[in-house]
Amino acid sequence: MKDYLVVGLGLAGLAFCEQLIRHGKTFVVYEDDSQQSSQVAGGLYNPVILKRFTPAWDAQRQIAGIPFYERLEEKLQKTFDYKVPVFRRFISVEEQNNWYDASDKPILEEFLAPEISKHQFDHVESHYGYGEVKQTGRVDTRTLLNAYRSYLQQNFDYSKRSVDYQSLIHTDTSVECEGTHYQQLVFCEGFGLKNNPFFNYLPLKGTKGELLTIKAPDLKLDNVIKSSVFIIPLGNDLYRIGATYKWKDKTNTPTQEAKEELLTKLRTFLRCDFEVVNHQAGVRPTVTDRRPLVGQHPELKRFYVLNGMGSRGVMIAPTMAKELYDYIENNSPLSEEVDIGRFKKKYFVNSFPFQGKGGTDQSVGNGTGE
């Protein structure tokens with residue numbers, strides 16, 4: 001008997017594994033590489049929605065969880081957490097005035113510098129200056145996930161495989177998967193949750209995002225510029241450019257259309273030569289109400305979900321993983337905003353009974369998600 005089976009190793013799965021290790025739990029991780037959003041993410045943590053100068057959801061609590069990555073750096077002996085300032089490029093006097101108004105608000109004063117920065121960045125055109133966002137940074141998610149995967153392979157039970165949903169046997173005392181019994185099963189599958197018959201009733205919509213990596217030897221930026229696109233320094237004259245938001249295409253395949261969109265926006269303010277050296281895509285696990293999906297299956301009481309981090313997984317994953325762990329192990333209540341109980345009616349409207357393995361009457365969603 002193991003304590004947990006964790007399915008998926010993006011940012012959510014990684015953060016939950018850290019909770020299990022911290023508390024001495026035994027566990028197995030299944031991962032099949034079907035989802036790429038954590039691997040290709042820009043990795044920014046930023047407490048402000050810079051389009052409207054409003055605080056991100058639960059910003060104070062999420063930023064308080066960022067030291068999670070510093071502790072991981074010490075454990076893994078890798079560098080992937082970079083304290084990088086973010087400068088919001090203004091395109092009008094109106095935006096400057098909106099920034100002044102926002103920085104005066106108590107909820108934002110700790111995150112927004114009150115004065116307009118007149119700093120001139122070489123090769124970045126700006127006639128109206130910048131607003132500096134505080135408590136920001138970038139996590140190199142690819143380096144982090146690769147290092148963490150190696151750590152699990154060397155020290156714990158990790159398997160490169162998919163879970164066979166039909167083979168799972170849920171009873172009052174355990175979950176059986178391929179002959180091994182677990183106390184609990186936690187699904188951290190990102191957009192792959194749409195194929196999960198136990199949780200596909202949840203309104204996980206998914207938003208495709210595409211990113212470019214450019215090489216620009218003359219740019220010499222050591223901070224993030226946010227305008228119509230982000231410019232994120234990666235070192236060695238490389239910069240991440242992103243991102244697009246597409247709601248119909250649910251593939252991980254980069255498109256020429258998105259590439260042209262990013263380049264067109266970039267060229268409106270970047271004034272130096274550059275070369276595109278990489279183009280990546282992934283589907284973010286976004287939710288209709290823009291809140292994470294955390295909690296227990298309505299009927300199968302040993303099945304849990306940790307998902308729906310959207311485009312802010314770096315910020316949200318550590319706190320949501322802790323909240324789910326405390327809910328399972330300590331009976332601590334989940335926040336109403338994230339508890340999947342908010343969609344319980346949707347489950348029972350769209351479910352049907354079936355005879356589960358082992359002779360136990362169970363039910364799962366019908367797969368429509370509507």
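This is a predicted model: local features need pLDDT of at least 70, side-chain atom pairs count only at pLDDT 80 or more; totals for chains, interfaces and linings use all residues.
Me: Hi! Let's begin with the second largest pocket. How much space lies in it?
Reply: Hello! The second largest pocket holds about 330 Å³ of space.

Me: And which residues lie nearest its centre?
Reply: Those are Q19, R22, F68, R71 and K322. They belong to a lining of 13 residues.

Me: Which helices supply the lining of that pocket?
Reply: Helix 1 (11-22), helix 3 (59-64), helix 4 (67-76) and helix 8 (313-330) each supply at least two residues. The largest share comes from helix 4, which gives four residues.

Me: How many of the lining residues are nonpolar, polar or charged?
Reply: The lining of the second largest pocket has four nonpolar, three polar and six charged residues.

Me: OK, new topic. Which residues touch the most other members in the largest nonpolar core?
Reply: The largest nonpolar core has 65 residues, and the ones touching the most other members are F16, Y69, L144, Y148, V186 and L306. Helix 8 gives the most to this core, with nine residues. Apart from it lies another core, of 28 residues, including Y182, V283, V305 and F343.

Me: Now loops. Where does T286 lie?
Reply: T286 lies in the loop between strand 18 (275-284) and strand 19 (293-296).

Me: Is T286 buried or exposed?
Reply: T286 counts as buried, because its relative accessibility is 17% and the cut-off for buried is under 20%.

Me: What does T286 touch, then?
Reply: Not counting residues up to four places away in sequence, T286 touches P203, L204, K205, G206, T207 and G310. With T207 there is also a polar contact between the side chains, at 2.8 Å.

Me: Which value of phi does Q135 have?
Reply: Q135 has a positive phi of about 60°, although Q135 is not a glycine. You'll find Q135 in the loop between strand 8 (130-133) and strand 9 (137-139). At 39% relative accessibility, Q135 counts as partly exposed.

Me: While we're on backbone angles, which residues does the cis peptide bond at A243 join?
Reply: That cis peptide bond joins G242 and A243, with omega at about -5°. A243 has its place in the loop between strand 17 (238-242) and helix 7 (256-266).

Me: Let's go back to helix 8. What is E329 in contact with?
Reply: E329, which is in helix 8, is in contact with Y4 and K25, leaving aside neighbours within four places in sequence. The side chains of E329 and Y4 make a polar contact at 2.5 Å. E329 is partly exposed, with a relative accessible area of 29%.

Me: How about S103, buried or exposed?
Reply: S103 is buried, with a relative accessible area of 6%. It has its place in helix 5 (residues 93-103).

Me: What does the side chain of S103 reach?
Reply: The side chain of S103 reaches the backbone oxygen of Y100 at 3.0 Å. Not counting residues up to four places away in sequence, S103 touches E109, L112, A113 and P114.

Me: Last one! How many residues apart in sequence are G209 and R284?
Reply: G209 and R284 are 75 residues apart in sequence, yet their C-alpha atoms are 6.9 Å apart in space. G209 sits in strand 14 (residues 207-215) and is buried, with a relative accessible area of 6%.

Me: And what else is G209 in contact with?
Reply: Besides R284, G209 is in contact with T244, Q280, A281 and G282, leaving aside neighbours within four places in sequence.

Conventions:
Residues are numbered from 1 along each chain as its sequence is written. Side-chain values use heavy atoms; hydrogens and water are left out. On a 1 Å grid over the protein atoms alone, a cavity is a set of points where a 1.4 Å probe fits but cannot get out, and a pocket is an open set with protein on both sides within 12 Å along at least five of seven lines; lining residues have an atom within 4 Å of a point. Grid points are joined across faces, edges and corners, and a volume is the space filled by probe spheres set on the points. Ala, Val, Leu, Ile, Met, Phe, Trp, Tyr, Cys and Pro count as nonpolar, Asp, Glu, Lys and Arg as charged, and the others, Gly among them, as polar. A nonpolar core is a set of buried Ala, Val, Leu, Ile, Met, Phe, Trp, Tyr and Cys residues joined through side-chain atoms within 4.5 Å. Buried means under 20% relative accessible area, exposed over 50%, partly exposed in between (1.4 Å probe, protein chains only). A polar contact is a pair of N or O atoms within 3.5 Å; within protein, one must be able to donate a hydrogen and the other to accept it, and residues adjacent in sequence count only if both atoms are side-chain atoms. Contact means heavy atoms within 4.5 Å.
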